[in-house]
Amino acid sequence: MKRRDFIKSAGTIAAASPFMNFGAGIKNKKKMLILGFDGMDPLIAYDMIQRGELPNLKKLAQSGVFSMMRTTIPPQSPVAWGSFITGADPGKYGLFDFVHRDPESYFPITSGAETIPASLNIKIGKYKIPLKPGKIIPKREGKAFWDYLEEKDIEATIFKIPSNYPPSKSKQRTIAGMGTPDIHGTYGIYTLYTSDEEEAMKDITPNNLFYAYLDEENVLQDGEILGPVNDLVENGEKTKVFFKVFVDKKNKTARIDVDGKEILIAEKEYSDWVEIDFPLIKGISNITGMVKFFMMDIEKSFRLYISPVHISPKNPAVELSTPPDYAKELAEKGGLFHTIGLPADTKALSQNTFGVEEFLTQSVSVFDESKKLFGIEYERFLNKKSGFLFFYFGSLDQGQHMLWALTDKDHPYYHPEEAKRFGYMKDELYRMHDRILGDVLNTMPKDTGLIVMSDHGFGTFRRKVNLNTFLFNEGYLKLGVKEIDTEISLFDDYSEYDWGNTKAYAVGLNGLYLNMKGRESQGIVTKGERRKLLEEIQGKILQIKDPENGMYVISEAFITEDHFSPDFLIRSPDIILGFNRGYRSSDSSALGGATREMVTNNMNWWAGDHCINPRHVPASFFSNFPINKKIPSIKDMAPTILKYFGINETPTMNGDSLI
Amino acid sequence: MAKKVKLSNENSQKADEIIAFHGYSSLEELIGNLIDSEYEKIKSDDDKDEQAEKLSGLGYIS
């Protein structure tokens, strides 16, 4: 089938008719395996299959179906995997973006979980002991498909699925994935000790750069790793653990003494995981985290990278799995593993602390670790007579974000030298995932259902769009300035926002909100004005052109009440922006800020993206059985899994079974 | 400087129940704790910084 025909036929290339009844496929429907390859783009996969580079995906397609799959509005991982989990549209589970906003303060907030601090403290000496411990509440609503399986005593293992942190209550084996924070509660902040003064002074956010002073014996005496804030003391500060580094320049090695351990490390090498105890009450209470050290440079200068502090799966400070011992059990079998939801350190490359080579080294090691853990779970699955296994791989997604500019000559951040050296790696990531499938195809019994799928595709991200600048220029967003000279940020210039006269504002990677009376704290738009205003803004948004080349920057704008169930619509943006190919929300806009220029070049290694019009970045679907729909949707997955196991009643879902 | 606080009978009874339920050692300790927690709520600048730090770690936001 030609590429054009593949796109025209919505991508379905099946050996048999895709409209066949499922009865013609697998007979003994007791086991199913789903491999989730985050970000696998169907057109890239199609081209590579045609070139013979993905033989195992080709084999799978020939035994059943390869199709494009509808993703969610917007095509962001937490939203799309939320739909996969609940078999529903976002309105039913309340996730609409990585970044939501607090209608009280208008500030951007993380969407996946809410932290309730500990309270009702009793003071003992300098300590305050909470009687009511803090907790983290998951914000993904809806009933997960594995809960339906549990009700029928069908065993399921769900490995690192996004939008399940903290893991929802279940007797199934689940472990949290994307959304899981580091020990500080952030998405992951690395630390760098550098003897390059200029580098140590670099103005980046978040900033954990330190100048490394080595004494005359080449010892870094006063290194520190910051831990969580100690809430058990008055005006609690961040806990810290000190370390020393003894450098042997001649042999290009170093010894790191930290928390009673001695770690030997050579230049360009990573250490294994090092567990660290951050003291809360000396000798009584501590929190365990873990880091990897990366001795980036010894000879020319001193550069020591320390990974974000992960929550240890052996001794988790917060709930990482159900049952709680599952994370520990896995760590005991396979060794300590990354627990942060987005484990490859894209920030380190974005901020040029890493070069491409260093990022790749780390990415491949994350992938290898996933492969090892998959081996453990897959073997367990093979030994069972029945059951369900979902296993998530995130390296393709993170890799494409960071490597896109290497293969896009029209990208403003295209680097010809790096492209020559590492340009092959984007496709190599696809081949690495294909080889995992190859191992499965060689060992999996034929009567096991198999799906390989992604949550969205991928595209280039060349130009950044600030929607708040547009809203300001059009008079919908009021600021205390006549013109925007320098960036106006919600965090630094809150007083500049004239909420009492603002009708609309943008927060999040795809979100635009009306300033609704009764919903926002200083809302002015009435229910009566709402629809007309939404349509007026929608019409204007679709006319925004890139001043540099005349391209429309937004190809579709979705009024959410027309697309989503009403259950949790209160959290949703009022319009979700479907950016055109090559465009995406700017960082400033995503955080509620406004800049002088509305459209600017994306000068960053984060050069591939998918937070655009979902029609431009469909997901991928492969199965070893036929399906009954020409274009499946990601919300069809959960009803399909349940039907496979004989469960037909799925009252919380509005997707359709594909079988 | 220490301040005296007058409580209504109703609030005084409620306070006694809270003290008994949570095991506070005195009314002063309970009030001190309530002031602490209210004070924390208005330390919005710290919260903002923390929220900014959380979000800026997201790879999607450079």
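## A sheet with a helix across it

Let's start with a pair of tyrosines: Y505(A) stands opposite Y513(A), a residue of strand β28 in chain A. This is a predicted model, and here it pairs β27(A) with β28(A), residues 511–514, in the antiparallel sense over 3 bridges. Both strands belong to an open sheet of 4 strands with antiparallel pairing, in the order β27-β28-β30-β29 of chain A. At its edges are β27 (504–506) and β29 (554–559) of chain A, each of which pairs on one side only. From one strand to the next, the twist averages 25°.

Helix α15 of chain A lies across β27, β28, β29 and β30 (575–579), and it runs at about 170° to β29(A). E535(A) has its place in this helix, which covers residues 527–541.

## Another antiparallel sheet

Chain A also holds an open sheet of 4 strands in the order β13-β14-β15-β16, again with antiparallel pairing. Here the edge strands are β13 (219–229) and β16 (261–266) of chain A, and each pairs on one side only. The twist in this sheet averages 25° from one strand to the next.

Within it, strand β15 (residues 253–258) of chain A pairs with β16(A) in the antiparallel sense over 6 bridges. One point to look at along that pairing is I256(A), which stands opposite I263(A) of β16(A).

## A buried strand with two partners

Strand β11 of chain A covers residues 191–194. Which of its residues point which way? T191(A) and Y193(A) point one way, L192(A) and T194(A) the other, and all are buried. In a regular strand, side chains alternate between the two faces of the sheet.

β11(A) pairs with strand β21 (residues 303–306) of chain A in the antiparallel sense over 4 bridges, and L192(A) stands opposite Y305(A) of β21(A). With strand β12 (residues 209–211) of chain A, the pairing of β11(A) is in the parallel sense over 3 bridges. There, Y193(A) stands opposite F210(A) of β12(A).

## Nonpolar cores and an enclosed helix

The largest nonpolar core has 133 residues, and the ones that touch the most other members are L304(A) and F622(A). Helix α10 (residues 356–382) of chain A supplies the largest share of this core, 7 residues. Setting aside neighbours within four places in sequence, L304(A) is in contact with Y193(A), A212(A), V245(A), F293(A), M295(A) and M296(A). Apart from this core lies another, of 56 residues, including F98(A), Y187(A), I340(A) and M516(A).

Why can helix α11 (residues 395–403) of chain A be called largely enclosed by the rest of the structure? Because 9 of its 9 residues are buried.

Chain B has 3 helices and 0 strands, which gives the pattern α-α-α along the sequence. Of its 62 residues, 18% count as buried.

Where the chains meet, 18 residues of chain B are in contact with 30 residues of chain A. The elements of chain B that give two or more residues to this side are α2 (27–42) and α3. Helix α3(B) gives the most, with 7 residues. By class, the side of chain B that touches chain A has 6 nonpolar, 8 polar and 4 charged residues.

## Confidence

For the model as a whole, the scores are ipTM 0.86 and pTM 0.91. Chain A has a mean pLDDT of 93, and 94% of its residues reach 70 or more. Over residues 16–23 of chain A the pLDDT is below 50, and this stretch has 11 contacts in the model beyond near neighbours in sequence.

In chain B the mean pLDDT is 80, with 82% of residues reaching 70 or more. Which helices mark the lowest and highest confidence there? Helix α3 (residues 44–56) of chain B is lowest at a mean of 73, while helix α1 (residues 9–22) of chain B is highest at 89.

Conventions:
Residues numbered from 1 in each chain as written. Chains lettered and ligands numbered in written order. Buried ≥ 20, exposed ≤ 12 C-beta atoms within 10 Å, placed from the backbone. Pairing = 2+ DSSP bridges. pLDDT = per-residue confidence, 0-100. Core = buried A, V, L, I, M, F, W, Y, C linked by C-beta atoms within 7 Å. Contact = placed C-beta atoms within 7 Å. Nonpolar A, V, L, I, M, F, W, Y, C, P; charged D, E, K, R; others polar. Axes fitted to C-alpha atoms, helices over the stretch in contact; angles between N-to-C directions.
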